[in-house]
Amino acid sequence: MARNRVLYVLTVVGCIIFSMAYTSKISAVLLFAVLLYPVAAAVFAFVLLLGVKAEFTTNRIVTDKNEPFDISITLKNNSILPGVPVEVYCHIPDREVGLFADKRVFASISPLGQARLSINCVHKYRGSFTCRVHSLSFVDPLRIVRLTKKQKLAMPTIFLPRKLKLADILSTSAGEQSFSPKKPITSEREDFSHVRSYREGDIMQLVHWKLTAKQDELMIKQFDSVNDVHAAVLCDFNLYPGECNVMLRSDTVIETALAFVREAVNKGIYCSVETGELSLHDPVSVYDEPTFNRFFEFMSVIPARLDVADFIYTIDNVDLETTSAIIMITTELSDELLARAKAAAQHTAVFYAYINLSLRDLPRDFSEDQLVFLNIRRAGERGLHAAAEHINDD
């Protein structure tokens, strides 16, 4: 636009010189037309300013992260002038970098018509974000005059975590051991040892309805501990020194937790998931498909930075008497965490899922420890199958 204005000034100067050298009606008309154009251009842009409106085509977008998707913006022109061009200044995910960025998109709108902008986008992290349109800018056909009006358009966008299988995660682990939960508990079994009063978080399928009807109080079937499988999934969202990508850390912890919980639910195992978030007083209970879907939605929008309790405190508060397996999901490998894991392994099965984002070599071999150590490599950078191939190449 600056170049066009320079050319316009040069044209004005040329017309003035021409009119001074040749005092004729033609030179006067040319000079008058050149001087009048900025006024006509301002009127042109002002009419478009009043007549053009923008809106998102949809109210909300829910899509998978790292998957291409389109954002549609509809421009409506209520004036009799053509919008050539209209500049849309928006904040949307950039396809090249996979992150939100401010972008300028141009469109042409016919008189009394509308145009739809379809912008292809990609976002590489999970979470809840907001797409925005900041302003619309209008220029005349020669791009001399520019008028801008602010917009307050916003559209929530949710990017879901990858739906990984536990087998995919284990394929990236060095020295992995199989995750073989015990036989699931079901409401059809009749080998329960006793009944007890209902406690918050109990599975409703285990209600003893006949006894409940007699006592007018919810009574729960209590099975022998050998068959009563309860897994505690502990997600470490603590920030550790040297971490340079908090969002990548958060994503990999969440996707690993979802894979473990999904496997447990498929095998009928009751899971209590502890995120350490101080605003949550109780762990999240997951025991069937509906509760897993709610858990998936919760983990999809959990912030990358959380106000969380110390992970050591989370481990120490696990009830080892009622827990059949502890799954620790963390990006930290420290002597203190390993000591806690080993101590818990004296009482129950412990899975130490170490998300090795830095790909550093392990300080020693953990195969002799009682706990199940999983060295998950490249889980957050690329597809897990590609990570498995990378390990095989090593």
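Five strands form an open sheet in the order S2-S8-S7-S4-S5, with mixed pairing. Two strands count as paired if DSSP finds at least two bridges between them. This is a predicted model: local features need pLDDT of at least 70, side-chain atom pairs count only at pLDDT 80 or more, and totals for chains, interfaces and linings use all residues. Residues are numbered from 1 along each chain as its sequence is written, and side-chain values use heavy atoms, with hydrogens and water left out.

**The open sheet**

- The edge strands are S2 (61–64) and S5 (100–109), and each pairs on one side only.
- Neighbouring strands of this sheet are turned by 30 degrees against each other on average, direction ignored. Here the axes are lines fitted to C-alpha atoms, for helices over the stretch in contact, and angles run from 0 to 180 degrees between N-to-C directions.
- Strands S7 (residues 127–139) and S8 (residues 146–160) pair in the antiparallel sense over 12 bridges.
- Ser128 has Ile158 in S8 as its bridge partner.

**The chain as a whole**

- The chain has nine helices and 17 strands. Helices (H or I, at least four residues) and strands (E, at least two) are DSSP runs, numbered from the N terminus.
- Of the 394 residues, 47% count as buried. Buried means under 20% relative accessible area, exposed means over 50%, and partly exposed lies in between (1.4 Å probe, protein chains only).
- Among contacts in the chain with a separation of 6 or more, 67% come from residues 24 or more positions apart. A contact means heavy atoms within 4.5 Å.

**Strand S1**

- In a regular strand the side chains alternate between the two faces of the sheet.
- Five bridges join S1 to S3 (residues 69–77), and the two strands run antiparallel.
- Phe56 stands opposite Ile73 in S3.

**Helix H8**

- Helix H8 covers residues 335–345, and its buried residues are Leu337, Leu338, Ala341, Ala344 and Ala345.
- Seen down the axis of H8, these residues fall within an arc of 125 degrees, so they line one face of the helix. The arc is that of the directions from the helix axis to the C-beta atoms.
- An α-helix has 3.6 residues a turn, so residues three or four places apart point the same way.
- The buried residues of H8 pack against helix H7 (311–316) and strands S15 (325–330), S16 (349–356) and S17 (372–377).
- Leu374 is found in S17. Its relative accessibility is 1%, so Leu374 counts as buried.
- Leu374 and Asn356 are 18 residues apart along the chain, and their C-alpha atoms are separated by 9.5 Å.

**Ser79 and its surroundings**

- Ser79 is found in the loop between S3 and S4 (83–93). Ser79 is buried, with a relative accessible area of 6%.
- Its side chain makes a polar contact with the side chain of Asn77 (2.7 Å). The side chain of Ser79 also reaches the backbone oxygen of Leu81 at 3.4 Å.
- A polar contact is a pair of N or O atoms within 3.5 Å; within protein, one must be able to donate a hydrogen and the other to accept it, and residues adjacent in sequence count only if both atoms are side-chain atoms.
- Not counting residues up to four places away in sequence, Ser79 touches Val47, Leu48, Gly51, Pro111 and Leu112.

**Backbone exceptions**

- Most residues other than glycine have a negative phi, and most peptide bonds are trans.
- Leu112 has a positive phi, near 55 degrees. Leu112 lies in the loop between S5 and S6 (114–121) and is exposed, with a relative accessible area of 59%.
- Asn66 also has a positive phi, near 65 degrees. Asn66 sits in the loop between S2 and S3 and is partly exposed at 41% relative accessible area.
- A cis peptide bond joins Val84 and Pro85, with omega about -15 degrees. Pro85 is in strand S4.

**Cysteines**

- The structure holds zero disulfides. A disulfide is a pair of cysteine sulfur atoms within 2.5 Å.
- For Cys90, the nearest cysteine sulfur is that of Cys121, 8.0 Å away. Cys90 counts as buried, at 0% relative accessibility.
- Cys235 is buried, with a relative accessible area of 2%.
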